[in-house]
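Here is a note for a colleague who is opening this entry for the first time.

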Amino acid sequence: TSSTNETVSVSGLEAYTVYKISVTLNTTIGEGSPSSLQIRTLLTAPSSSPTNLQTSVLSANIISVTWDPPVSIDQNGIITHYTLTYKGIERDTTSRDIVLYSNQSYFTNYILTALDEYTYYDVDVTASTSAGTGPSISATDRTEQEIPSAVPNNVQTNVLNSTSILLTWDAPDMTHWNGILLYYTLTYFGVELDEVVRVVNHTIVGYNHSNQSYVF
């Protein structure tokens, strides 16, 4: 008797999938009984991104982020963790990564806190197996407005005559506006009279809000 070691390479299979393989002998009379076994292919990185990424603005400093896993056939293994990356667009802040592991209760959701007011944020989420990280899914959202966090700059006065004063000022840096500036409120009162003389809402002039002025 003699034996021959036959080999066949099977390709085009799905990652991390159990296959049943059977081998039979055949003669001109027919096919014999099969010799069978089961084997699982190796896992690899997910071949698609997480799905259904959604953001919800909760306040001027908080955004809620939720998502679903990649579709099952593209997971290519057991998802061990997600990586959430976020960055403020306008203020050129450094991107930050948050890694969420499968043993955490908030595996597919996270609350971003301590964000800048009235700022667009890019949010990316990727899924990973122990073999690698898949492609990302992205969303952009903007935090709500808040009161300005700085005062007008370069405030100056110029006495025009016995009854008039010219007041000029510049707006603070845009990063401290925390929203859309609508107007300035000017309040002036006579110190010796110890009473408010007038309160004025001054309409903004110009795009960059510099060199604002008002004559009392």
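1. Accessible areas here come from the Shrake-Rupley method with a 1.4 Å probe, and for residues only the protein chains shown count as cover. On that basis the protein chain exposes about 14,400 Å², of which carbon and sulfur atoms supply 51%.

2. Please keep in mind that this is a predicted model, in which local features need pLDDT of at least 70 and side-chain atom pairs count only at pLDDT 80 or more, while totals for chains, interfaces and linings use all residues. Residues are numbered from 1 along each chain as its sequence is written, and side-chain values use heavy atoms, with hydrogens and water left out.

3. The secondary structure comes to 0 helices and 14 strands, where helices (H or I, at least four residues) and strands (E, at least two) are DSSP runs numbered from the N terminus. Of the 216 residues of the protein chain, 28% count as buried; buried means under 20% relative accessible area, exposed over 50%, and partly exposed in between (1.4 Å probe, protein chains only). With contact taken as heavy atoms within 4.5 Å, residues 24 or more positions apart account for 55% of the contacts with a separation of 6 or more.

4. Where does Asn-76 lie? Asn-76 is placed in the loop between strand S4 (63-68) and strand S5 (81-88), and Asn-76 counts as buried because its relative accessibility is 9%. The side chain of Asn-76 reaches the backbone oxygen of Ala-45 at 2.9 Å. Leaving aside neighbours within four places in sequence, the residues in contact with Asn-76 include Tyr-16, Leu-43, Ala-45 and Thr-129.

5. Pro-34 belongs to the loop between strand S1 (18-23) and strand S2 (35-40), and, at 53% relative accessibility, Pro-34 counts as exposed. Not counting residues up to four places away in sequence, Pro-34 touches Ser-22, Val-23 and Thr-24. The C-alpha atoms of Pro-34 and Val-23 are separated by 5.3 Å, although these residues are 11 apart along the chain.

6. Ile-39 is found in strand S2, and at 46% relative accessibility Ile-39 counts as partly exposed.

Notes:
Polar contact = N/O pair within 3.5 Å; in protein donor to acceptor, adjacent residues only side chain to side chain.
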